[in-house]
Amino acid sequence: MTLLVAITGWDTAPWLDRFRRVLPDRPVVATGDGHDPASILYAASWKHTPATFAGLPNLRAIFSLGAGVDHLIGDATLPAVPILRVVDPDLTNRMSEYVVMQCLMHLRRHFLYAAQQREGRWFDERDQPAARDVRVGILGTGVLGTDAARKLAVMGFDVAGWSRSPKSLEGIRTYAGEAELDAFLGRTDILVCLLPLTPATRGILDGRLFARLARDGRLGGPILVNAGRGGLQVEPDILAALDDGTLAFASLDVFGTEPLPAGSPLWRHPKVAITPHNAANSDPEAIATAIAAQIRRHEAGERLGNEVDRTTGY
Ligand code: NDP
Ligand code: OXD
């Protein structure tokens with residue numbers, strides 16, 4: 001059984017190293033290594049070059065090296081084998097750290113004080129709300145959204161979540177589907193997006209949606225935090241909403257084009273905070289170990305976990 005590792009945009013070497021350590025009895029090859037296509041039984045991908053997996057006659061499963069699978073689903077030549085995604089406590093904790101950090105920075109006006117420091121200005125007295133006065137709304141209460149929601153609630157924020165199907169989460173107000181989106185947005189001061197990128201969610205973060213956010217919050221206007229995918233956001237609409245006050249600030253970890261082009265006005269916008277798509281990095285050690293365990297389970301005739309539904313795209 002050979003595992004093919006197909007990665008672009010990340011360094012492949014640490015992944016090959018970890019996979020070879022956790023699967024010592026099996027060959028692990030990278031794209032371009034000159035392998036026999038018939039020998040490949042499993043593949044691991046992060047933004048693989050399209051068509052990499054077409055023409056592998058014995059392929060049994062494809063593992064995403066991240067939680068998101070839009071990079072796989074978008075490949076029309078993908079063979080009809082199970083697609084498995086990452087569900088890993090290390091990755092989940094990292095995302096919750098990012099979300100809690102962003103919400104706390106906005107609550108405690110970090111970006112205002114950072115700007116004042118650059119200008120050499122002492123504290124400019126402002127309203128300083130408590131966490132309980134700030135309503136956080138999480139778009140997507142899946143694995144990552146649920147954990148982030150729980151940790152925000154522990155910090156005292158007034159938290160709600162929105163998902164496709166109805167959910168019950170202790171201490172968190174839940175909303176589902178298009179019919180409840182208005183009610184959810186209307187009680188949201190900080191909108192955190194942890195949705196997957198699918199045909200149903202592409203471009204959901206647009207001007208029409210920003211206009212439906214709460215206008216009576218304690219932070220001086222609604223704030224957007226997007227750590228889902230760049231394709232969820234309409235970047236010209238974010239800029240327009242920041243400029244006309246529909247949004248007060250945007251913390252963005254993901255972008256339509258990554259790396260974000262040098263000429264993007266988002267880079268230098270005073271109301272934008274940028275991180276380079278690292279809200280929750282995939283740790284090769286943790287994820288290679290989990291994928292090796294999945295492969296062993298599969299070979300023992302057990303069901304693979306965390307399979308993606310190709311019809312919904314997540
Ligand atoms: P899950 O599949 O566990 O959760 C997805 C959530 O989105 C679910 O609650 C689902 O609803 C909801 N959802 C999907 N489609 C819709 C829709 N059309 N309308 C309303 N709700 C919808 O995914 P994860 O939580 O594990 O990950 C979420 C995303 O985070 C990933 O797909 C990836 O894009 C991104 N990510 C970003 C990282 C970064 O570093 N920036 C790192 C890791 C992930 P339901 O519960 O009803 O199914
Ligand atoms: C992921 C990511 O999907 O890192 O895991 O974006």
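A few ground rules come first. Residues are numbered from 1 along each chain as its sequence is written, chains are lettered from A and ligands numbered from 1 in the order in which they are written. As the model is predicted, local features need pLDDT of at least 70, side-chain atom pairs count only at pLDDT 80 or more, and totals for chains, interfaces and linings use all residues, while side-chain values use heavy atoms, with hydrogens and water left out.

Ligand 1 is surrounded by 29 residues, and the closest are Arg85, Ser165, Lys167, Asp253 and Tyr314; a residue counts here if one of its heavy atoms lies within 4 Å of the ligand. Sorted by class, this shell holds 15 nonpolar, nine polar and five charged residues. For that sorting, Ala, Val, Leu, Ile, Met, Phe, Trp, Tyr, Cys and Pro are nonpolar, Asp, Glu, Lys and Arg are charged, and the others, Gly among them, are polar. The shell takes at least two residues from each of α3, α5 (143-154) and β7 (158-163), where helices (H or I, at least four residues) and strands (E, at least two) are DSSP runs numbered from the N terminus. Domain 1 (2-88 + 282-299) and domain 2 (89-274) each give the shell at least three residues, with bounds that come from an automatic or database domain assignment.

Polar contacts are pairs of N or O atoms within 3.5 Å. For ligand 1, an oxygen atom lies 2.5 Å from an N or O atom in the side chain of Tyr314. Backbone N or O atoms take part too: one of Gly142 is 3.0 Å from an oxygen atom of ligand 1, and one of Ala280 is 3.0 Å from an oxygen atom of this ligand. Ligand 1 exposes 950 Å² when taken alone, and the protein buries 91% of that, going by the Shrake-Rupley method with a 1.4 Å probe.

Around ligand 2 sit Trp46, Gly66, Ala67, Gly68, Leu91, Arg229, His277 and Ala280. By class they come out as four nonpolar, three polar and one charged. The side chain of Arg229 puts an N or O atom 2.7 Å from an oxygen atom of ligand 2. From the backbone, an N or O atom of Ala67 lies 2.7 Å from a ligand 2 oxygen, and a polar atom of Gly68 is 2.8 Å from an oxygen of ligand 2. On its own, ligand 2 has 210 Å² of accessible area, of which the protein covers 89%.

In the backbone, a cis peptide bond joins Glu258 and Pro259, and Lys47 has a positive phi of about 50°.

Technical notes:
A polar contact is a pair of N or O atoms within 3.5 Å; within protein, one must be able to donate a hydrogen and the other to accept it, and residues adjacent in sequence count only if both atoms are side-chain atoms.
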